[in-house]
Amino acid sequence: YVRFHLISPLIQQSAENIVLFDTFVNILSHNLGEPAYEADVAQLEYKLVAGEYGLIIRVKGFNHKLPLLFQLIIDYLSDFSFTPAVFEMITEQLKKTYYNILIKPETLAKDVRLLILEHGRWSMIDKYQTLMKGLSIEALSSFVRAFKAQLFVEGLVQGNFTS
């Protein structure tokens, strides 16, 4: 079991940065779908999570092939690229996801409660409005470069791994 948290102070600076980060993580997951399929067949699991303060990478499975899967994820992260068609598809999916969160009273109430309790938190309404105004491909590319430049890493490895 391997878990890494790639933390960046850039994410919480604005609602636009949070939306760009969500877009980035979704495109990265989309890009990994085909190359990581063989790992899935071999009973290796991975998950990319857009955390509040950074990207959480979780991989688990048999230890002798786990580093290969982790290396694949890191390679796709470091050489991040996307097409305009994928960008459009992911932003449309995010619009639906944000909207579905906003129309459910219990999730909206949780968001409002956290907005009151946490200093510097951006509401789901802010994120949805930012996304509806439109994001540019250049803004995403610029954000990803800045994200990778301001990165702190925390990791946890459990199991029969050697140092």
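Axes here are lines fitted to C-alpha atoms, for helices over the stretch in contact, and angles run from 0 to 180 degrees between N-to-C directions. With that convention, helix α1 (residues 15-32) and helix α3 (residues 66-78) pack at an angle of about 125°, their axes lying 10 Å apart. This is a predicted model, in which local features need pLDDT of at least 70 and side-chain atom pairs count only at pLDDT 80 or more, while totals for chains, interfaces and linings use all residues. Residues are numbered from 1 along each chain as its sequence is written, and side-chain values use heavy atoms, with hydrogens and water left out. Helices (H or I, at least four residues) and strands (E, at least two) are DSSP runs, numbered from the N terminus.

**The sheet**

- Four strands form an open sheet in the order β2-β3-β1-β4, with antiparallel pairing, where two strands pair if DSSP finds at least two bridges between them.
- The edges are taken by β2 and β4, each of which has a single partner strand, so one side of each is left without a neighbour in the sheet.
- From one strand to the next, the twist averages 10°.
- Strands of a sheet pair through backbone hydrogen bonds, either parallel or antiparallel.

**Strand pairs and their residues**

- Strand β1 (residues 2-7) runs antiparallel to β3 and is joined to it by 6 bridges; within this pairing, Arg 3 stands opposite Arg 58, and Ile 7 stands opposite Gly 54.
- β1 also pairs with β4 in the antiparallel sense, over 6 bridges, and here the bridge partner of Ile 7 is Phe 152 in β4.
- Strand β2 (residues 45-50) is joined to β3 by 6 bridges, the two running antiparallel, and Glu 45 stands opposite Lys 60 in β3.

**Covered and open strands**

- Strand β3 (residues 54-60) is mostly covered, with 5 of its 7 residues buried, where buried means under 20% relative accessible area, exposed means over 50%, and partly exposed is in between (1.4 Å probe, protein chains only).

**Helices α1 and α3**

- At their angle, α1 and α3 are oblique to each other; angles under 35 degrees count as roughly parallel, over 145 as roughly antiparallel, 65 to 115 as roughly perpendicular and the rest as oblique.
- α1 passes α3 in a right-handed crossing, a crossing being left-handed if the near helix is turned anticlockwise from the far one by less than a right angle, and right-handed if clockwise.
- From α1, Phe 24, Leu 28, Asn 31 and Leu 32 meet Leu 72, Ile 73, Tyr 76 and Leu 77 of α3, where contact means heavy atoms within 4.5 Å.
- The residues of this contact of α1 with α3 divide into 7 nonpolar, 1 polar and no charged; Ala, Val, Leu, Ile, Met, Phe, Trp, Tyr, Cys and Pro count as nonpolar, Asp, Glu, Lys and Arg as charged, and the others, Gly among them, as polar.
- Helix α3 also lies across β1, β2 and β3, running at about 155° to β3.

**Helices α4 and α6**

- Helix α4 (residues 84-102) and helix α6 (residues 124-133) pack at an angle of about 150°, with their axes 10 Å apart, which makes α4 roughly antiparallel to α6.
- α4 passes α6 in a left-handed crossing.
- The residues of α4 that meet α6 include Thr 91, Leu 94, Lys 95 and Tyr 98, and among those they meet in α6 are Met 124, Ile 125 and Lys 127.
- By class, the contact of α4 with α6 has 10 nonpolar, 1 polar and 2 charged residues.

**Two residues to look at**

- Asn 17 lies in helix α1 and counts as buried, at 12% relative accessibility; not counting residues up to four places away in sequence, Asn 17 touches Leu 10, Ile 11 and Phe 143.
- Phe 82 is found in the loop between α3 and α4, and, leaving aside neighbours within four places in sequence, Phe 82 is in contact with Ile 27, Phe 87, Ile 137, Leu 140 and Ser 141.
- The C-alpha atoms of Phe 82 and Ile 137 are separated by 9.2 Å, although these residues are 55 residues apart along the chain.
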